[in-house]
Amino acid sequence: MGQEVDFPGLSDGVRSRFLDDVNGLRVHILESGHVGSDRPLVLLLHGFPELAYSWRKILAPLADAGFHVVAPDQRGYGRTTGSDVTDLASFRTDNLAGDALELIRALGYDRAHLVGHDFGPVVAGWATLGDPRVIRSLTMMSAPFAGAGVAKSSAELDAALRALSPPRRHYQHYFAGTTSAADIADAPQGIAAFLRAYFHMKSADWPGNADAGELPGATAHDFALLPRYYVMDAGVSMPETVAPHLPSPQQRATCEWLTDEELNFYAQEFSRTGFQSALNWYAARTLPNPASRSGTRIEVPAQFIAGRSDWGVWQSPGALRAMADVVCARFAGSVLIPDAGHWVQQEQPLPVIEQISRFLGDI
């Protein structure tokens, strides 16, 4: 059954509900355009530290364009329950992709368009390769999907980064570690201030993102050119990394893309759930994955959207070209949106809505 939505900033026509027995989960979703059974399904997959709520500005406008739009809290996030934080293998990307495919079926559909942001393109890409008959199109946002080959271990890169002066550490290696969840949950500044600084530092509002662009190579020295939220100082936690960049009270008061009320909703949800399950997504990538495969191409129409001030586009050297030239057989192109950083669908929702609507309308 549906229930009244009381999430801040959510449009009329968006509802919250739960679906049981979805790959072992009770999945919480936000949805719009659910009236009428003949609408194509668009499934929106978030990343870290996001929620279904991260699509709040996208849901109703895409429904107005003629779609049934669904955003789940993914495994280990928000109000979705049923995952076991100690079962790291259940957070492998192939099982996260299975969650998405089972959710499509639980919603009563045979096919769907997938849209993924941040970690979402990895899940969406794996789901498309896992069962291409189900996926109608693929929109990847902020993080290029370079294929479902065996994930490269971050240990070798991390060792090279630690040999630099000063020593550095890759954020994915940190997130996959044993201290990151507690570091963030117990951040001295509090979860709300941590999230505010983290969101700010990866947005177009932070001046250090203005010159985001392709790295010259893939050596440790090249990676060290990335901002500290991607390549951290060794021995420094993520809360310590972003704390000096907390925006001023005036900046927070005038931040239209993430109001204090909206930010506090994120903080309340993560205060309730903690961060371990969400960070298990990174830790699980260090496990052997028998479902990994190389040489398989995505045959459905695909596109890439990101903010022009987003280092996430470039943090994996060569990934953008690999996605466009090798992985996606029907790649429609990349769009870099001005005045947007990593949180493109929150920072600049209108051009994102226009681009997705135009792309889906051509299929």
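Arg 105 and Glu 102 both belong to helix α2, three residues apart, or about one turn of the helix; helices (H or I, at least four residues) and strands (E, at least two) are DSSP runs numbered from the N terminus. An α-helix has 3.6 residues a turn, so residues three or four places apart point the same way. Arg 105 is partly exposed at 39% relative accessibility, and Glu 102 is partly exposed at 32% (buried means under 20% relative accessible area, exposed over 50%, and partly exposed in between, with a 1.4 Å probe and protein chains only). Salt bridges also link Glu 102, Arg 105, Asp 131 and Arg 133 in a network.

The structure is predicted, with local features requiring pLDDT of at least 70 and side-chain atom pairs counting only at pLDDT 80 or more, while totals for chains, interfaces and linings use all residues. Residues are numbered from 1 along each chain as its sequence is written, and side-chain values use heavy atoms, leaving out hydrogens and water.

In total, 16 salt bridges are found. One of them joins Glu 31 to Arg 17, with the closest N and O atoms 2.3 Å apart. Glu 31 is in strand β3 (residues 25–32) and Arg 17 in strand β2 (residues 14–22), so this pair ties together parts 14 residues apart in sequence. Both Glu 31 and Arg 17 are buried. Another salt bridge pairs Arg 168 with Asp 233, the closest N and O atoms being 3.9 Å apart. Here strand β8 (residues 168–170) supplies Arg 168 and strand β9 supplies Asp 233, so parts 65 residues apart in sequence are tied together. Arg 168 is buried, with a relative accessible area of 5%, whereas Asp 233 is partly exposed at 26%.

Turning to the rings, the whole structure holds 24 aromatic pairs. Rings of Phe, Tyr and Trp (its six-membered ring) pair if their centres lie within 6.5 Å, and planes under 30 degrees apart count as stacked, over 60 as edge-to-face and the rest as tilted. Phe 48 and Tyr 198 make an edge-to-face pair, 6.5 Å centre to centre with 70° between the planes. Since Phe 48 lies in the loop between β4 (41–45) and α1 (59–64) and Tyr 198 in helix α7 (residues 191–201), the pair ties together parts 150 residues apart in sequence. Phe 48 is buried, at 1% relative accessible area, and Tyr 198 is buried at 2%. The rings of Tyr 171 and Tyr 230 form a tilted pair, with centres 5.0 Å apart and planes at 55°. This pair links helix α5 (residues 171–175), which holds Tyr 171, with the loop between α8 (220–223) and β9 (231–233), which holds Tyr 230, 59 residues apart. Both tyrosines, Tyr 171 and Tyr 230, are buried.

The charged end of Arg 56 sits over the ring of Tyr 53, 4.6 Å from its centre.

Finally, 10 of the 11 residues of helix α3 (residues 120–130) are buried, so the helix is largely enclosed by the rest of the structure. Among the buried residues are Pro 121, Trp 126 and Leu 129.

How values were computed. Lys NZ or Arg CZ within 6 Å of the ring centre and 35° of its normal. Salt bridge = Lys/Arg side-chain N within 4 Å of Asp/Glu carboxyl O.
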